[in-house]
Structure formats: C-alpha cells, structure tokens
Amino acid sequence: MYVYNDFDEAFVRNRVAQFRGQVERRIDGSLTEDEFKPLRLMNGLYLQLHAYMLRVAVPYGTLNAVQMRQLAYIADRWDKGYGHFTTRQNIQYNWPELRDVPDMLAALADVGMHAIQTSGNTIRNVTADHFAGAAADEIEDPRAIAELLRQWSTDHPEFQFLPRKFKIAVTGATEDRAVTRAHDIGLRMVRNAAGEPGFEVIVGGGLGRTPMVGKVLRDFLPKADLLPYCEAIVSVYNLLGRRDNKYKARIKITVHENGLEKIQTLVEDRFAAIRPTFTGHDQALLAVIETAFAPPAFAVKSSDGYQAARLANPAFRSWTDTNLAAHKAPGYAIVSISIKKHGATPGDATSDQMRAMADIAERYGHNELRISHEQNVILPHVHQSDLPAVYAALRAADLATANIGLVSDIIACPGMDYCALATARSIPIAQDIATRFDALKLEHEIGPLKIKISGCINACGHHHVGHIGILGLDRAGVENYQITLGGDGTQTTTIGERAGPGFSAADIVPAIERLVTGYLDLRTDANETFLQAYRRLGMAPFKTLLYPAEDQADAA
Amino acid sequence: MSRAFKPKVVTANALLEGDAVWLTIDDRWTRDIAEAELMTDEAHADLRLLEALSRQSEIAGAYLADAAAGANGPQPTHFREAFRTRGPSNYAHGKQVDL
C-alpha cells in the first residue's frame, strides 16, 4: 500500500492547520457562512439536516488495519460510534461538531488520510475496482494509477474551481466493478495489438438529473500518456463547461452539447500542447508508487480444511457461495463482508465492527481492506484455509450476512434521514425491502439482483443503473417512489427505464415484492437472472406486475 | 391575485452543533419548534429572516419554513421540516432523544 512521503505528510498537516484557523475565524464571527462554506466544502465538511457531516476519502477504496482502527476511533471520540460507507468509497460521519472537525482531520492525517476534495467543484476521490490487485480477470492493479491521479488532482491549481464536480474511476479488469461508464472520466485498462497495457478512456458518463452513459474518447491510451491526457480533458472541460446553469455544468452535458468529435479534437490539441511539458517526472513517481502496490507474499498451503468446513457447516457453505470471488493467486479468495444485514442501514458499520474487520485483515488478510461502491467491505486476499476462521470472526462481529449480490444487498444513499438535498427517505425503504425478503426466505432462489435507491434526483444511490432502481421524490408534500427497470452499471452499462407512476412509502415494498416474485414465474429457469429476463421480455410483463389493477381495467 | 401567505417560522442550523434551531419571539434560538415565533404576516417574516441572517456567529443557513399553529405552539407542515424536529428514522439519534 502507498505510504505518505514527507511531502504528502507536510501537505495534509498544513491543510489541517489552515482549516483549524478557518474554523476559529468562523466561530469568532470574522468569517460569514457564505465565506466559510467553500472552505469547509474543500475539506469535506457539509451541513446537513440534523448536524454537520464529515466526508472522508478512502482513496481508490483501499485501507489498512491501522487506518480502519483510526476510523473507528474517530467514530467513538467525535461521533456516535459508527460510520457510513458511501457509493464513492468514502466514509461519512453524521454527527461531528464544528469545533471538533480540525481534530478529526488531524487524527486522519496521523494515519495518512484526509477529507480534501471530497466535496466542491474539484476532482473528487478517485475510485477503483474494489477487487483491484486481487481479481482473477485483471490486467494490472489500477491503484498505482489511481494514486498518481490522487496526487496530481489534489490541490491542482488549474482545477480548484471547475464548472462542477469531477469524478474519475479506474479499473484494470475485464468485468467493470467500478461503474466507469457513469463517471466524468472512466479508465478501463486494455491491451493494444502489441499486448501492451494502456487505457480505454471514457468521458461524459454520469447519473443524476440527466443520466448519460460515457463515450469512448480514446480506444487506447499508452500508460505513459495518462496524466497529460487527463489534464487535457479536464483543461478543455474547465474552459468549455457551462457555468451559467449548474444543471448543465457537468462534462456529460459539455460532451452532449458540443459533440464527441469536437471534444476529441480539443482534447487531442490540448494534449499535443502539454504532452512535451511532462518530461518524465510523473513516470518516475509512478514507478515509486507501483512498488508500493506490489502484491503481498501469497502463502502456498493446503485448502483441505476449507472443503471440510464447507461440508460440515451449511451456514458457512451458504456464505462462501455468495460472499467469495475468484482470486488471481492459487488457494486464495476475495471475501466480501456484507454491510447489509437485513433490516440494518446499508453501509453503516459500528466502531466495534470496524475494529473487528481491522483485526481480521491483519491476521488473515495481508493487512488490506477495501470499501466497495456497493457499500460493502472487502478482504481482498484471504487464503481458503483461513476462511472458516474469518467466517467465525465475522459472525462474532455480526458481519456474516450471506447476501452479496442478492436482493437485500441494496445500495441506498442517506436520503432525507440525513441529507439536506434529499427529497425523500431511502434508508427505511432499503431496510423494509431487506427485512421483507428475508422473511420470505426467497433471496437465494431469486439470485443475482441489484436494487439501488436514491433519495433525490442527484442519484448518489445509483438508481439508474440498478436492475431495479428506486427514486424517492416529494410529490405535493408526500414521499413518492419511482421505479426504473433494466439498469446496469457494468461494462454493459444501461440506464434503467421508468416503469410508470410512483408509489407511496407504504406501497413501494409490496410493489417490489410483486415485481420480484412475479419474475420467478417469468424466468425461463433458475439460471435466467432478473436482468436477463427483463432484457428478453421488455417492460410490458413487469409493468403488469407493478400495476395489476390498471391492467385489469384495460382488459375490461 | 397573490397566493395567501402560509404561516412561517425562521429556522437554521446551530453554528457549533449543526442541529436545527428556530427563532423565538424574544430573539432566542430554540431547539423546540413549539417555542418558535409563528409569523402570519409576510413583511414581518421577511424582516425577521433578515435579522436572523445577521446573527452569523450563532447559526448557519437561516430560512423561512412553513408551519402551522398547533395546541402547544407551531408545528411543521412538511415532512422534511418534521424530520428536522426529530432526527433520522434509522437510529434513535438527534432531537428525538436529546430533547
């Protein structure tokens, strides 16, 4: 893992000291809220419905045990003993007091972390495939590039006042687990004809008010050109992007309004102009960073105990069936820890659970943890022979829910339980759906199904790319939930289609139940997933499931 | 013809704690909406908001919110404002336990 050098250390310490002074000046009245707001947002501090909220970056989702323990310490010392993992691989604290925030930032700096550029119109936390460095289908670990992008984008003088926020995601694998096509820039590692690794550069994707699937700007970009090319893209956007209307300010609108060809020409021109100024320092830096992401020393040992435990313990077997993924090293597995216990808040972990995960990572997981955009925690490197012990330790911490990729593994934004922008609540809907399907004991039969819930049109809950998406709105002073179907956030990214009129808070869970249990009758066999069935059949039969009364009325 | 003015309260977030507060008739910030000043006159409400906005060292983000007269004082009329009087629905945190 990357460890801060003297420059990084001095930079974050200096930023904490600056922010401490800014908070003092806000409290003594020398700064107004209008003056203070952009300063606090640059440091990840929001003001929400019930309290401040501090958003801490987990760069490319990677943490070690010491960092996870520090997150737990911060939760206990200055918050209410828990943290919320988000769809952008951040952790949010929902209850800090203004006076304490500089101390929280100092505690983060102690473990090489920060909250810089987790808000504001800047380049945000660079996200990555949460299986990076472990996935069997990976060309290269994309985190070295992500760290290079983090260093380049942090306090980049040209990009502190962009037209709007700017999000970059990177993956080194075939299977897109980083939703790269729904980012301002998506980077997918590919090989050229000569077999050399480089990037497919995708631009102008995004969800929110105007969802767009990203377009390929360059089929193949050599690795060495990545930084100047990204700089060219953001530079073109910085000049061309609209500042007159914040709803039209994201690069997806810039690309849409100007056309891909024009953007391509401008980016290539800018790239040609600035490429010679990158004289190799970035590549020297990248080489140092790459050594920090060298794979751990994988153990070679027998997996016999694992198979025996699977046979002996049905609960363990069920968990291994849902929560493990293929690892590149023989005898190893990638463990997804579900932060989606039925009825609990998606993405919330207590400080005790954070410490338990840190201990497990240290003991059995080569000291690595990941936060996924699906709001779960990953142990990327666990030997199969250690899985029974890992499972037992997770059970003891109430973290052994076997539901990864199933109906209760729901993404939900904080919604109107916390967020000042929300138009309806998300969390209670997620809790009720998970509780209902747990009671029905159907989720393993239903199989892979991604439900994603956003509490407003900004789509932090990625509802557009949920197989079933739920969008909470305020309709004449009442919470109302719209359903979209057929969304997909992988390499075949698709924006879901709106099914019809929304449902009240009381009616949304029964509607989802009709939809999902109805799918069981529609599928060809148990191997046809919800998404596949939807793609084969189209909207009509699912609409009939959602709006049965209207269907009868039409028939009559 | 202009629409009828809906009664309002001045609300904001406390500067240090960040939680919801309401302006009282005697210029205090209260954590209980029932103690807030309910204003039925638009010009008066606008004036009170200006006064609230000048108290920068106590609060952030003051605005006028719809409210209605209840048996014990003003009550929220919209669910968002109702949540601000209580706290989140997923945990017993915030005003629902602190008050």
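## Reading the model

Helix axes here are lines fitted to C-alpha atoms over the stretch in contact, with angles running from 0 to 180 degrees between N-to-C directions. Helices (H or I, at least four residues) and strands (E, at least two) are DSSP runs, numbered from the N terminus.

This is a predicted model, in which local features need pLDDT of at least 70, side-chain atom pairs count only at pLDDT 80 or more, and totals for chains, interfaces and linings use all residues. Residues are numbered from 1 along each chain as its sequence is written, while chains are lettered from A and ligands numbered from 1 in the order in which they are written.

## Confidence

For the complex, the predictor gives an ipTM of 0.96 and a pTM of 0.96.

## Two helix pairs in chain A

Let's start with α5 (residues 143-153) and α9 (residues 281-292) of chain A, whose axes come within 9 Å and cross at roughly 130 degrees. The two helices are therefore oblique to each other; angles under 35 degrees count as roughly parallel, over 145 as roughly antiparallel, 65 to 115 as roughly perpendicular and the rest as oblique. On the α5(A) side, A:Ala144, A:Glu147 and A:Leu148 meet A:Asp282, A:Leu285, A:Leu286, A:Ile289 and A:Glu290 of α9(A), where contact means C-beta atoms, placed from the backbone, within 7 Å. By class, this contact has 5 nonpolar, no polar and 3 charged residues (Ala, Val, Leu, Ile, Met, Phe, Trp, Tyr, Cys and Pro are nonpolar, Asp, Glu, Lys and Arg charged, and the others, Gly among them, polar).

Next come α1 (residues 6-27) and α4 (residues 101-109) of chain A, with axes that come within 9 Å and cross at roughly 175 degrees. That makes α1(A) roughly antiparallel to α4(A). Among the residues making the contact are A:Val16 and A:Phe19 of α1(A) and A:Leu105 of α4(A). The class count here is 9 nonpolar, no polar and 2 charged residues.

## The sheet in chain B

Chain B holds an open sheet of 5 strands in the order β3-β2-β1-β4-β5, with antiparallel pairing. Strands pair if DSSP finds at least two bridges between them. At the edges are β3 (29-30) and β5 (73-76) of chain B, each pairing on one side only.

Strand β2 (residues 20-23) of chain B is joined to β3(B) by 2 bridges, and the two run antiparallel. Here B:Leu23 stands opposite B:Trp29 in β3(B). Helix α2 (residues 79-86) of chain B lies across β2, β4 (59-70) and β5 of that chain, at about 115 degrees to β5(B).

Conventions: Contact = placed C-beta atoms within 7 Å.
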